[in-house]
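Here's a quick walk through one model, meant to be read with the structure open beside you.

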Amino acid sequence: MSRRLSRRHFLGTSAAATAWWVGMSDRSFAQSKSPNEKLNLAIVGVAGKGGDNVNHLESENMVALCDVDRNNLGKSSERFKNAAKFEDYREMFDKMTDKIDAVVVSTADHTHAPPSALAITLGKHVYCEKPLAHTVREARVLAGLAKKHKVATQMGTQIHAGDNYRRVVEVIQSGAIGPVREVFNWCNKGWSDGRFGTAKPAPAHLNWDMWLGPAKQREFCEGIHPANWRRFWEYGSGTFGDMACHVMDLPFWALNLRYPTSAACEGPELHPDGAPAWTKCDFDFPARGDMPAVKFHWSDGGVHHDLVKNTKDPGGKSLSEWGLGVLFVGDKVMLAADYGRYV
């Protein structure tokens, strides 16, 4: 259990599904005999968004809590006194496999895939926070494992379940604004400029080796844990990777988009440590059925395309002043939306 899990090792072994784990869990998930029966849940990552997920699941039976930060783990265990506590998810599965029905993974992005893969391999249902993985390769491995082991899985993109997004999808697909040939997505947030500082001892409450997981071995430094890891390539992917899956989810859903035929991106000069202060990206998507081809745009860090800057909402505010949003350009009219409104 003390062995480090390298990214190379994860990618090399996940698809093989580590046979000895499978042997330990060679049983089908027991179907609930009652709709009121509670799930036995294991939580990997109990603070931040993980804490929010726990709040929504507190009616279930928490059997195991896992977090690399003992402070976070201690606070959560005060609420669920009967739950077993772990810093290492591998030890948790080793000791608790038969007691767990499903797993919620809400760690830093670079450690989404390993515990999710192991849980799926063991036949456990998985809810994993967005983005599903740190690389496309990891996402494909997880999708393959979920299909192979036939467990229920979901990626946590909470805005997707809201009434506003659903209503916008209905409006767009009804043809109310006409065929959509261009879409603008933007987010003013800036998870950028991650820089590795002077090495120093990790806080006593933080298991830094487990926090690194499959990432490159580095000494601890300030400005990474608990939230700013999003600024670093090795752990996150900047504003684009953190926020586009929320914002772009709406047009992908409403317009039945899948894969672009071309993509081009611009931004400041690439830095090896961290994400840029802004990005602007342009995609081309082909026609889908009776839906025409789409020009698709993204911007973050407060840099906007001209149409976003020049279009005002009913209150006279430029759309570029919205914190984030989507602008659908229909043949009849345009529709702008964010998480909770559309105009």
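The chain has an average pLDDT of 91, and 90% of the residues score at least 70; pLDDT is the predictor's confidence in each residue, from 0 to 100. This is a predicted model, where local features need pLDDT of at least 70, side-chain atom pairs count only at pLDDT 80 or more, and totals for chains, interfaces and linings use all residues. Residues are numbered from 1 along each chain as its sequence is written, and side-chain values use heavy atoms, with hydrogens and water left out.

The stretch to watch is residues 13-33, where pLDDT stays under 50 and the model has 32 contacts beyond four places in sequence (contact means heavy atoms within 4.5 Å). Where pLDDT is low, the predicted coordinates should not be read in detail.

## The sheet

Helices (H or I, at least four residues) and strands (E, at least two) are DSSP runs numbered from the N terminus, and two strands pair if DSSP finds at least two bridges between them.

Most residues other than glycine have a negative phi, and most peptide bonds are trans.

| Cis peptide bond | Omega |
|---|---|
| Lys 130 to Pro 131 | about -20 degrees |
| His 225 to Pro 226 | about 15 degrees |

Pro 131 is in the loop between E5 and helix H7 (136-149), while Pro 226 is in the one between H9 and H10. Lys 150, not a glycine, has a positive phi of about 55 degrees and lies in the loop between H7 and E6.

## A pocket

What lines the second largest pocket? It has 43 lining residues, with Ala 47, Ser 106, Thr 107, Ala 108 and Trp 229 nearest its centre. On a 1 Å grid over the protein atoms alone, a pocket is an open set of points where a 1.4 Å probe fits, with protein on both sides within 12 Å along at least five of seven lines; lining residues have an atom within 4 Å of a point.
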